[in-house]
Amino acid sequence: MKVCFVVDKFPSLSETFVLDQISGCLERGIEVGVVCNETTFGKDRNIDDPRWRNLPGGIEQWWGALGPLRPSLRRWSGRLWDKASTALDIAFAGKLEKYDVIVAHFGNNGLRVARAMKQRRLTAPW
């Protein structure tokens with residue numbers, strides 16, 4: 001089984017429950033991957049652990065090479081930001097297809113996955 005965790009930042013000290021869930025999956029032999037907006041390796045030694053760097057499913061940024069543009073685009077007005085981010089979320093949602101289960105933490109990430117499913121860009125169970 002392959003499980004994908006969709007989060008904003010990874011790893012994050014304020015979200016140790018996510019790390020605990022990933023650790024539990026790994027202990028049970030489940031392949032785990034992470035799709036996030038930003039990686040935080042090297043910023044906090046408490047979570048800069050080799051277990052998180054070497055996940056079997058890997059760690060990917062949702063928007064791929066366009067990920068660094070996210071903070072700039074975030075400054076756009078609400079409606080324009082919503083349209084642009086939704087279009088990019090849908091365009092890059094294919095990377096979630098290889099997983100059997102998607103765990104989207106927090107409402108904003110659940111919404112991103114749901115929008116991709118609604119546009120039929122994603123068919124993985126959720």
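Predicted model: local features only at pLDDT ≥ 70, side-chain atom pairs only at ≥ 80, totals over all residues.
**Exercise 1.** Place Val-7 in the fold: in which strand is Val-7 found, and which residues does Val-7 touch, not counting residues up to four places away in sequence?

*Solution.* First, the element: Val-7 belongs to strand 1. Next, the contacts, with residues up to four places away in sequence not counted: Val-7 touches Glu-15 and Val-18, then Val-34, Val-35, Cys-36 and Asn-37, and finally His-105 and Asn-109. As a distance check, take Gly-29, 22 residues from Val-7 along the chain; the C-alpha atoms of the two are separated by 21 Å.

**Exercise 2.** State how many cavities of 30 Å³ or more the structure holds, and give the volume of the largest cavity.

*Solution.* The count is one cavity of 30 Å³ or more. For the largest cavity, the volume is about 30 Å³.

**Exercise 3.** List the residues that line the largest cavity, sort them by class, and find which element gives the largest share.

*Solution.* Step one, the list: the lining is made up of Val-7, Lys-9, Phe-10, Pro-11, Ser-12, Glu-15, Val-18 and Leu-19. Step two, the elements: strand 1 (2–10) and helix 1 (16–27) are those that give two or more residues to this lining. Step three, the share: strand 1 supplies the largest, with three residues. Step four, the classes: five lining residues are nonpolar, one is polar and two are charged.

Key:
Residues numbered from 1 in each chain as written. Heavy atoms only, no water. 1 Å grid on protein atoms, 1.4 Å probe; cavity = no way out; pocket = protein on both sides within 12 Å on 5 of 7 lines; lining within 4 Å. Points joined across faces, edges and corners; volume = space filled by probe spheres on them. Helix = DSSP H or I, 4+ residues; strand = E, 2+ residues; numbered from the N terminus. Nonpolar A, V, L, I, M, F, W, Y, C, P; charged D, E, K, R; others polar. Contact = heavy atoms within 4.5 Å.
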